There are 2 protein chains.
Amino acid sequence: MRPRLSVITLAVDDLDRSIAFYRDGLGLPSEGIVGSEFTGSATEPAGAIGYFELENGLILTLYPRNDLAKDSGLPPDTPASTEFSLGYVADSRAEVDSLMRKAAEAGAVITDEPHDRPWGIYSGYFSDLDGHLWEIIYNPKLV
Amino acid sequence: MRPRLSVITLAVDDLDRSIAFYRDGLGLPSEGIVGSEFTGSATEPAGAIGYFELENGLILTLYPRNDLAKDSGLPPDTPASTEFSLGYVADSRAEVDSLMRKAAEAGAVITDEPHDRPWGIYSGYFSDLDGHLWEIIYNPKLV
């Protein structure tokens, strides 16, 4: 396996609502929903996803939880927030603070206000509308 | 927010076991554990993480679930597999098949054997030792 990761797919309850959070609330550019021509069935997943092109060729997609479950061959689990987090590296402490405020205004829950951590970063956590954790990080060692 | 994602952190139950899965089982290069000098406490998270540098500057880290919970200010949830998936783009159908076999040999569970999907990709899913989903994808449109 090469050290490669090309797509991050987040399970969501309401595709339109979550696209609006990331596109309109946080400002990520998006074409909106792609793949809606694949409508699925009781057993087959639909193909509609929210599609975001990130830097360096990385793709972020939003996929209804039930479709991810069908597509992966698993029953849908009860949602859980402490499975993973996504780390966004900001350019300054002020950008951490402002991005956390922006997320909260868009409906995110601040689970941990920004503060200095023992390993030398300043960061805070929010959970998105589906409970997925983001850590917004300023690392002075990277500047 | 820029369309940027720098770090993916996966919650794990056993750091050594999960590092071995990704490093020795799947072959991702890793320095192993970093940050073990930050030992934490009953309320403060420890800093030890499994650290993997991926292509394009992306970082994959493995973090004990209880530490991620403390660090993010949340109680640890019951583990769930249908929160997200990570997509790896292989260069051929044969690479999808061989990587799925390699993951299974390393202890992953194949949740969906590779097959053609309506939207034009060939892919399969496995869940890692902590239940995190990976989709191994061949997309002929990308070749």
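User: Which residue stands opposite Leu10(A), and what makes the two strands involved a pair?

Analyst: Leu10(A) faces Phe84(B) in E5(B). Two strands count as paired if DSSP finds at least two bridges between them. E1(A) and strand E5 (residues 84-89) of chain B share four bridges and run antiparallel, so by that rule they are a pair. The strands and helices are themselves DSSP runs, numbered from the N terminus: at least two residues of type E for a strand, at least four of type H or I for a helix. One thing to keep in mind is that this is a predicted model, in which local features need pLDDT of at least 70 and side-chain atom pairs count only at pLDDT 80 or more, while totals for chains, interfaces and linings use all residues. Residues are numbered from 1 along each chain as its sequence is written, and chains are lettered from A and ligands numbered from 1 in the order in which they are written.

User: In what order do the strands of the sheet with E1(A) and E5(B) come, and why is it called open?

Analyst: The order is E2(A)-E3(A)-E4(A)-E1(A)-E5(B)-E8(B)-E7(B)-E6(B), eight strands in mixed pairing. Its edges are strand E2 (32-34) of chain A and strand E6 (109-116) of chain B, each of which pairs on one side only. From one strand to the next, the twist averages 25 degrees. Within this sheet, E3(A) and strand E4 (residues 59-64) of chain A are antiparallel over four bridges, and Tyr51(A) has Thr61(A) as its bridge partner in E4(A). H2(A) packs on the sheet, touching E1 and E4 of chain A as well as E5, E6, strand E7 (122-127) and strand E8 (133-138) of chain B, at about 100 degrees to the direction of E4(A). That angle is taken between N-to-C directions, on a scale from 0 to 180 degrees, with axes fitted as lines to C-alpha atoms, for helices over the stretch in contact.

User: What makes E6 of chain A and strand E2 (32-34) of chain B edges?

Analyst: They belong to an open sheet of eight strands, E6(A)-E7(A)-E8(A)-E5(A)-E1(B)-E4(B)-E3(B)-E2(B). Each of the two has a single partner strand, so one side of each lacks a neighbour in the sheet.

User: How many residues of chain A are in contact with chain B, and what makes a contact?

Analyst: Two residues are in contact if their C-beta atoms, placed from the backbone, lie within 7 Å. By that test 54 residues of chain A meet 54 residues of chain B. E5(A) gives the most to this side of chain A, with six residues. By class, that side has 30 nonpolar, 16 polar and eight charged residues. Here Ala, Val, Leu, Ile, Met, Phe, Trp, Tyr, Cys and Pro are nonpolar, Asp, Glu, Lys and Arg are charged, and the others, Gly among them, are polar.
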